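Welcome, and please have your viewer ready. We will go from one selection to the next and look at what is there.

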Amino acid sequence: MFVLIIDYGSGNIKSVYNSVKKTLHYFNKFSEVKVSNNLSEIEKADKIILPGVGSFDQCMNRIRKIKELLETLNDQVITKKKPFLGICVGMQILADYGYENQKTKGLSWINGEVKPLKNFLDNSQNLKIPHMGWNSLSIYESNNLLNDITANDQFYFVHSYFFDIKHKKNIICNTQYGINIPAIVNQDNIFGFQFHPEKSGISGLKILYNWLKLS
């Protein structure tokens, strides 16, 4: 198995790389993880991970600046159905549009829009923005991705915007922060985590293992 983490100038790439490398020890000795934005490497990969730190518009602009990256991703993920995982903003840009700083077109791989969390919270709850800290997942739909994941597992979130999903069928589980926030989204071969598995200790490694194991 060859796992490719896309380097497009945004993301906690070293931590993601280390977590995936540690998890790959449970697979065969030929498993490999690499960080690259080389198009031919993306085409060779068995699985693709897109991390994301920063804002929706910055991440989309960085992807568009790398020649033919967007076209290659669409070909590999949408046409060839290669397993894909977006993390944090890497999940949010799966949406049709995001409203961080300005209205920006996303990848449109999962229908919905990324909106400011503050607009949906009740002031009486005194919840801080960004939503930062450890939360459990409330499972919306059973999925092999959640094998051995229980209410005791805690995942690390840090975000001020959330993915307002158009179709509930695309939500695997939520987390609760004043409102239900989609924590894991899915469309066919495409998965997105709002939380950071690479910062979520044993729970994060468990869910990365489950994703890597999905065919």
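**Stop one: two helices**

Select residues 13-24, helix H1, and residues 201-213, helix H6: they pack at an angle of about 65 degrees, and their axes are 10 Å apart. That makes H1 roughly perpendicular to H6, a label for angles from 65 to 115 degrees, while under 35 counts as roughly parallel, over 145 as roughly antiparallel and the rest as oblique. Axes here are lines fitted to C-alpha atoms, for helices over the stretch in contact, with angles from 0 to 180 degrees between N-to-C directions. Helices (H or I, at least four residues) and strands (E, at least two) are DSSP runs, numbered from the N terminus.

Before moving on, a word on the model. It is a predicted one, in which local features need pLDDT of at least 70 and side-chain atom pairs count only at pLDDT 80 or more, while totals for chains, interfaces and linings use all residues. Residues are numbered from 1 along each chain as its sequence is written, and side-chain values use heavy atoms, leaving out hydrogens and water.

Now show the side chains where H1 meets H6. Which residues make the contact? From H1 come Ser19, Val20, Lys22, Thr23 and Leu24, and from H6 come Leu205, Leu208, Tyr209 and Leu212 (contact means heavy atoms within 4.5 Å).

**Stop two: the sheet of 8 strands**

Next, colour the strands. An open sheet of 8 strands runs in the order E2-E1-E3-E4-E14-E13-E12-E9, with mixed pairing; two strands pair if DSSP finds at least two bridges between them. At the edges are E2 (32-36) and E9 (138-139), each pairing on one side only.

Zoom in on E3 (residues 47-50) and E4 (residues 84-87), which pair in the parallel sense over 3 bridges. Isoleucine 48 has phenylalanine 84 in E4 as its bridge partner.

Select glutamate 68, in the loop between H3 (56-65) and H4. Its phi is near 65 degrees, a positive value in a residue other than glycine.

**Stop three: the sheet of 4 strands**

Another open sheet has 4 strands in the order E6-E5-E7-E11, again with mixed pairing. Its edge strands are E6 (104-105) and E11 (161-165). E7 (residues 112-116) and E11 run antiparallel, joined by 5 bridges, and valine 114 has phenylalanine 163 in E11 as its bridge partner.

Now find proline 130, in the loop between E7 and E8 (131-135).

**Last stop: a pair of rings**

How many aromatic pairs does the whole structure hold? A search finds 8, where rings of Phe, Tyr and Trp (its six-membered ring) pair if their centres lie within 6.5 Å, with planes under 30 degrees apart counted as stacked, over 60 as edge-to-face and the rest as tilted. Select phenylalanine 155 and phenylalanine 195: their ring centres are 4.7 Å apart and their planes at 45 degrees, so the pair is tilted. Phenylalanine 155 is in E10 (residues 155-159) and phenylalanine 195 in the loop between E14 and H6, 40 residues apart.
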